[in-house]
Amino acid sequence: MKKFFAVIACLSVSLLLVQSLHSEEEAKEKQLLCPVSGKAVNMEQKVAYKNAEVYFCCGNCLAAFKEDPSKFAVKANHQLVASGQYEEVKCPLSGGKLNPDTAVTVADVEVTFCCNNCKGKVEGEADGDAKLALVFSDAAFEKGFAKKKAKRARD
């Protein structure tokens, strides 16, 4: 019986290690972009923003952001979601309940809306920055996104 539990424990630890490695690989595959330059970020260049952290490619971009965060808010808000620090909880356009059938990808982030009208407004925008602004402006961000809650360890 002890061998059985030992085997189960080893399998559980192995599974956790595999899941951990998979999560790290996913994070590396999903490259975060600097909200100022659009280049890959350096995780050491960061600043507190909306009770989370925004990452930059260099100190110059970090300084530019600190000087005028509102200028880069759309891309900073996008990064908060792309990095997994924030999650969508409501439609960013209306604040309504999410309908899974309306999901679209906006700059590598899946976004869901309350209805096809809201989805159509975003899909109808030809320019990438206009789509970002519709979904990740400060007003839309406040309506549709919330800081991701930390998972509690079970006792």
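In this predicted model, the buried residues of helix H2 pack against strand S1 (42–49), strand S2 (52–56) and helix H3 (73–82). Which residues of H2 are buried? In this helix, which spans residues 59–67, they are Cys 61, Leu 62 and Phe 65. Seen down the axis of H2, these buried residues fall within an arc of 100°, so they line one face of the helix. An α-helix has 3.6 residues a turn, so residues three or four places apart point the same way. On the other side of H2 you will find Asn 60, Lys 66 and Glu 67, which are exposed.

Now turn to helix H4 (116–123). Its buried residues are Cys 118, Lys 119 and Val 122. They cover an arc of only 100° around the axis, which puts them on the same side of H4. Asn 116, Asn 117 and Lys 121 are exposed on the other side of H4. What covers the buried residues of H4? The covering elements include S4, S5 and H5.

**Two helices that meet**

Two packed helices are described by the angle between their axes and the distance between the axes. From H3, the contact is made by Ala 73, Val 74, Lys 75, Asn 77, His 78 and Val 81. From H5, Asp 129, Leu 132, Ala 133 and Phe 136 take part. Sorted by class, this contact of H3 with H5 has six nonpolar, two polar and two charged residues.

H3 also holds Gln 79. Is Gln 79 buried or exposed? At 1% relative accessibility, Gln 79 counts as buried. Which residues does Gln 79 touch, leaving aside its neighbours within four places in sequence? Its contacts are Leu 32, Leu 33, Cys 34, Pro 35, Val 41, Glu 53, Val 54 and Tyr 55.

**Aromatic rings**

How many aromatic pairs does a search of the whole structure find? It finds six. A pair of aromatic rings is described by the distance of the centres and the angle of the planes. Take Phe 65 and Phe 72: their ring centres are 6.3 Å apart and their planes are at 35°, so the pair is tilted. Phe 65 and Phe 72 are both buried. Phe 65 and Phe 72 also belong to one aromatic cluster with Tyr 49 and Phe 56.

Next, look at the loops. Cys 115 lies in the loop between strand S5 (109–113) and helix H4, Lys 50 is found in the loop between S1 and S2, and Asp 108 sits in the loop between strand S4 (99–106) and S5. The table shows how accessible each one is.

| Residue | Relative accessibility | Class |
|---|---|---|
| Lys 50 | 27% | partly exposed |
| Asp 108 | 64% | exposed |
| Cys 115 | 24% | partly exposed |

Lys 50 and Asp 108 are also worth a look for their backbone angles. Lys 50 has a positive phi of about 50° although it is not a glycine. Asp 108, also a residue other than glycine, has a positive phi near 65°.

Cys 115 and Thr 102 are 13 residues apart in sequence and, C-alpha to C-alpha, 6.5 Å apart in space.

**The whole chain**

Finally, step back to the protein as a whole. How many helices and strands does the protein have? There are six helices and six strands. From the N terminus on, the elements run α-β-β-α-α-β-β-β-α-α-α-β. Of the 155 residues, 31% count as buried. Among contacts between residues at least 6 apart in sequence, 50% join residues at least 24 apart.

Conventions
Residues numbered from 1 in each chain as written. Predicted model: local features only at pLDDT ≥ 70, side-chain atom pairs only at ≥ 80, totals over all residues. Heavy atoms only, no water. Buried < 20%, exposed > 50% of the residue type's maximum accessible area, 1.4 Å probe, protein only. Helix = DSSP H or I, 4+ residues; strand = E, 2+ residues; numbered from the N terminus. Arc of directions from axis to C-beta. Contact = heavy atoms within 4.5 Å. Nonpolar A, V, L, I, M, F, W, Y, C, P; charged D, E, K, R; others polar. Phe/Tyr/Trp six-rings, centres within 6.5 Å; stacked < 30°, edge-to-face > 60°.
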